[in-house]
Amino acid sequence: MAGSDLPQALGCELTPTGSVAAIDAMGKSSVPGVFVAGDIATEMNQLIQAAAMGAMAGAGINSELLAEAWEARGQVAQG
Ligand SMILES: Cc1cc2nc3c(=O)[nH]c(=O)nc-3n(C[C@H](O)[C@H](O)[C@H](O)COP(=O)(O)OP(=O)(O)OC[C@H]3O[C@@H](n4cnc5c(N)ncnc54)[C@H](O)[C@@H]3O)c2cc1C
């Protein structure tokens, strides 16, 4: 999504060079629920880098969704 203004529209924090800032190794952005990977989040601009970041972001998203599901399950169990 390099060249897209969607991250700014969502309120994502940018780096001084204009990339979307990831706040952890899983590609989490400053906006809850928004993960970033690839050209929009790095100046490397290489396919392998984008793919690696995409894999990490996918794992991060999955982890966050599982945590939410476990939390919801716990709340149901507590009544
Ligand atoms: C001419 C050229 C040659 C290159 N050669 C090499 C090379 O030899 N080796 C190498 O490693 N890398 C190369 N690269 C870099 C490589 O292509 C990129 O690093 C890689 O494609 C980045 O992947 P990405 O998924 O981050 O972004 P992209 O591949 O740019 O994918 C982003 C996608 O998001 C879509 N998008 C944008 N805005 C929106 C929106 N608002 N809503 C929905 N979709 C949207 C775009 O249409 C696009 O399909 C080259 C790049 C170019 C331009």
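Me: What makes up the largest nonpolar core?
Reply: The largest nonpolar core has nine residues. They are V20, A22, F35, V36, A37, I40, A41, M53 and A57. The model is a predicted one.

Me: What makes these residues a nonpolar core?
Reply: Each must be buried, with 20 or more other C-beta atoms within 10 Å of its own. Each must also be of a nonpolar kind, joined to the set through C-beta atoms within 7 Å. V20, A22, F35, V36, A37, I40, A41, M53 and A57 form such a set, so they are called a core. As a general rule, in soluble globular proteins nonpolar side chains tend to be buried together.

Me: Which residues does V36 contact, leaving aside its neighbours within four places in sequence?
Reply: V36 is in contact with V20, A22, G27, S29, A41 and A57. The cut-off for a contact is 7 Å between C-beta atoms.

Me: Why is the protein chain called more spread out than a compact globule?
Reply: Start with the elements: the chain has two helices and zero strands. Its radius of gyration is 15 Å. The globule rule gives 12 Å for 79 residues. The value is well over the rule, so the chain is more spread out than a compact globule. Its C-alpha atoms fill a box of roughly 50 × 25 × 15 Å along the principal axes. Of the 79 residues, 19% count as buried.

Me: Why is α2 called hardly covered?
Reply: Count the buried residues. Among the 32 residues of α2, the count is two. After α2 comes G79, with a positive phi near 80°.

Me: Why is S4 called exposed?
Reply: S4 has 10 other C-beta atoms within 10 Å. Exposed means 12 or fewer, so S4 qualifies. S4 sits in the segment before α1 (6-10).

Me: What surrounds the ligand?
Reply: 11 residues do, and S4 is one of the closest, along with G38, Q46, L47 and A50. By class, the shell has six nonpolar, four polar and one charged residues. Helix α2 (residues 47-78) gives the largest share, three residues.

Me: Why is I23 called exposed?
Reply: I23 has 12 other C-beta atoms within 10 Å. The limit is 12 or fewer, so I23 counts as exposed. I23 lies in the loop between α1 and α2. Beyond four places in sequence, I23 touches K28, S29 and S30. I23 and E13 are 10 residues apart in sequence, and their C-alpha atoms are 9.4 Å apart in space.

Me: What makes the phi of N45 worth a look?
Reply: N45 has a positive phi of about 50°, although it is not a glycine. Most residues other than glycine have a negative phi. N45 is in the loop between α1 and α2.

Me: Is N45 buried or exposed, and why?
Reply: N45 has 10 other C-beta atoms within 10 Å. The limit for exposed is 12 or fewer, so N45 is exposed.

Methods:
Residues are numbered from 1 along each chain as its sequence is written. This is a predicted model: local features need pLDDT of at least 70, side-chain atom pairs count only at pLDDT 80 or more; totals for chains, interfaces and linings use all residues. Helices (H or I, at least four residues) and strands (E, at least two) are DSSP runs, numbered from the N terminus. The radius of gyration is taken over C-alpha atoms; the globule rule is 2.2 Å times the number of residues to the power 0.38. Two residues are in contact if their C-beta atoms, placed from the backbone, lie within 7 Å. A residue is near a molecule or strand if its C-beta atom, placed from the backbone, lies within 6 Å of it. Ala, Val, Leu, Ile, Met, Phe, Trp, Tyr, Cys and Pro count as nonpolar, Asp, Glu, Lys and Arg as charged, and the others, Gly among them, as polar.
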